[in-house]
Amino acid sequence: MPGTFSQIYIQIVFSVKGRENLINDKWNKELHKYIAGIIKGKKQKPIIVNGMPDHIHAFIGLRPSMAISDLVRDVKNNSSNFINDHKFVKGKFAWQEGYGAFSYSQSHIGQVYNYILNQESHHKKKTFKEEYMEFLKKFDVPFDEKYLFEWYD
């Protein structure tokens, strides 16, 4: 059978270094659009990008020709340069090392889209740490909490 056909949906989650609340309401939409543009520029499908002052969620239709790690590296590098070039924050902005990547079936697209769209109301009920730990447990990802992030509670 000629050609490669795929249907891979990935939610990527990553946080600001030190989990600081640096992503400001004044420019967060511009950042989300920029991240979506990076994803699209890599010939991937940005379904939705949204987040909170301390972290980002990106839901992506991923082609198998691109490694998730390469895409996340490029998104984080280019978006941190974008933030620094525009001087959106005092000092130097950086993302925390690492990320979470979670896969979904096509039947979950609407549910994941709405979850990411409604981050603000969702985080009135739980912290990013609680959310992230739930993802890891739900997707049965083995982890040692001391190696996850630099938690500042």
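Reader: Where does Q96 sit?
Author: In this predicted model, Q96 is placed in the loop that lies between α2, residues 68-85, and β4.

Reader: Is Q96 buried or exposed there?
Author: Q96 is buried, because its relative accessible area is 5% and the cut-off for buried is under 20%.

Reader: And what does its side chain reach?
Author: The side chain of Q96 comes to 2.9 Å from the backbone nitrogen of G18.

Reader: Switching to the strands, which ones does β1 pair with?
Author: Strand β1 pairs with β3, residues 55-62, in the antiparallel sense over eight bridges, and I8 is found opposite L62 of β3. With β4, residues 100-104, strand β1 also runs antiparallel, joined by five bridges, and here Q11 stands opposite F102.

Reader: Why call β1 largely enclosed?
Author: Of the eight residues in β1, which spans residues 8-15, seven are buried, so the rest of the structure largely encloses this strand.

Reader: Which elements give two or more residues to its lining?
Author: Those elements are β1, α1 (residues 28-41), β3 and α2, with α2 giving the largest share, three residues. Among the lining residues are I12, F14, I35, A58 and L71.

Conventions. Residues numbered from 1 in each chain as written. Predicted model: local features only at pLDDT ≥ 70, side-chain atom pairs only at ≥ 80, totals over all residues. Heavy atoms only, no water. Buried < 20%, exposed > 50% of the residue type's maximum accessible area, 1.4 Å probe, protein only. Helix = DSSP H or I, 4+ residues; strand = E, 2+ residues; numbered from the N terminus. Pairing = 2+ DSSP bridges. Polar contact = N/O pair within 3.5 Å; in protein donor to acceptor, adjacent residues only side chain to side chain. 1 Å grid on protein atoms, 1.4 Å probe; cavity = no way out; pocket = protein on both sides within 12 Å on 5 of 7 lines; lining within 4 Å.
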